[in-house]
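The sequence and the model are shown first, and a description follows.

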Amino acid sequence: INAKVSDASVVKYIGKEGQTVGSYSYGDEVPSILVATLPQFPTNANGVIVLLGDVVDPIFDLPTYNKFTVKDGDTTLTTKSDGTVVDSSGNVVATISIPNTFWTEQIGGRVVTLTINYQYLKSTKLTVTYSLTLNSSATVSTSGNQNTAGLAINSDVYNESANGSTSGSYIPFYTYTTIYTYGIDLLAYKQGDKSTTLSDMTFDVYKDSSLTQKVGTITTDSSGKGTLARVAEGTYYLKNTKTKSGYDLATTTSMKVKISGSVASTTDGYYKVEIEVPVAKSLPLTGGVGTIIYTGIGILIVLVSVILIILYNKKNKK
């Protein structure tokens, strides 16, 4: 039994401290925060090894060293380009490994690990912030994508010869977060006739009403449907940029994803939006009664002009 005067714990937050659930779109950087509380070991515990890790699932791109900020208590340490984290005296307080095989066999995934040199810590609280980029492997669903992080401390903290080694027995502590990402399921149809669906309709999707922050494009198929996967919850604005022959552009439409008022589609995690497309207004040049009327007026004007010219010429001859 190793005597300790405090307990160990770890918690991961996303977005901001206190938040373990978040919703993001494809390509978004997900702010990640690991907060570890370490035991205060006796002074003769010279073999303490602390490992702090995040299982980076395939839904994320691996981070780079410059994405990490490490704080010892309230003091921000310096993260160098080689992954070492040093204090103001130049001591290596931690070493970041991207990726590391530790825990991979037990949990699966690529594990980013910080090996902490306990003897250089001035505090029992470590805060590590970094960002992970959501990629196209993220699952669109209402159950979300779970992410695991953890803290491990070696069980024999008095074995000075083990210091710096990642082999041996460890006591693990785990923490979990959930990332949600959704989809938009669009149906385009003839105004007033939902049975007439329209293919080859193109809609640009924006996350702001001024239509400056584009998140993707939806093109409808032969059934008049199109989808856009991996969007965060929120309100989106759909602008019709291409229409079929015989139809005008539809009015820009707003829709809500995972907010009160959304309509879930039959596909888990997708939210429906149905857009009416107006039929093009008839123009004189396209044929019909309007053409005949204007053509008749034109012919009458020409005939009157010809008669006037003939009469004018006869008058001049006389």
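## Overall composition

The chain contains two helices and 22 strands. The model described here is predicted. Of the 318 residues in the chain, 39% are buried.

## Nonpolar cores

The largest nonpolar core has 39 residues, and the members that touch the most others are V50, L52, F60, L114, V128 and L151. At least two residues of this core come from each of β1 (9–14), β3 (29–37), β4 (50–56), β10 (92–100), β11 (110–116), β12 (125–134) and β13 (145–154). Strand β12 provides the largest share, with five residues.

For F60, leaving aside neighbours within four places in sequence, the contacts are V30, R110, L132, T133, L134, N135, N147 and I179. Another core, of 23 residues, lies apart from the largest one; Y180, V205, L238 and M255 are among its members.

D72 belongs to strand β6, which covers residues 69–72. Although D72 is buried, it has no salt bridge. K122 holds the nearest side chain of opposite charge, at 5.7 Å.

The backbone nitrogen of K122, however, is reached by the side chain of D72 at 2.7 Å. Not counting residues up to four places away in sequence, D72 touches L77, Y120, L121, K122, S123, K125 and L126.

Note on methods:
Residues are numbered from 1 along each chain as its sequence is written. This is a predicted model: local features need pLDDT of at least 70, side-chain atom pairs count only at pLDDT 80 or more; totals for chains, interfaces and linings use all residues. Side-chain values use heavy atoms; hydrogens and water are left out. Helices (H or I, at least four residues) and strands (E, at least two) are DSSP runs, numbered from the N terminus. Buried means under 20% relative accessible area, exposed over 50%, partly exposed in between (1.4 Å probe, protein chains only). A nonpolar core is a set of buried Ala, Val, Leu, Ile, Met, Phe, Trp, Tyr and Cys residues joined through side-chain atoms within 4.5 Å. Contact means heavy atoms within 4.5 Å. Lys and Arg count as positive and Asp and Glu as negative; His and the chain ends are not counted. A salt bridge is a side-chain nitrogen of Lys or Arg within 4 Å of a carboxyl oxygen of Asp or Glu. A polar contact is a pair of N or O atoms within 3.5 Å; within protein, one must be able to donate a hydrogen and the other to accept it, and residues adjacent in sequence count only if both atoms are side-chain atoms.
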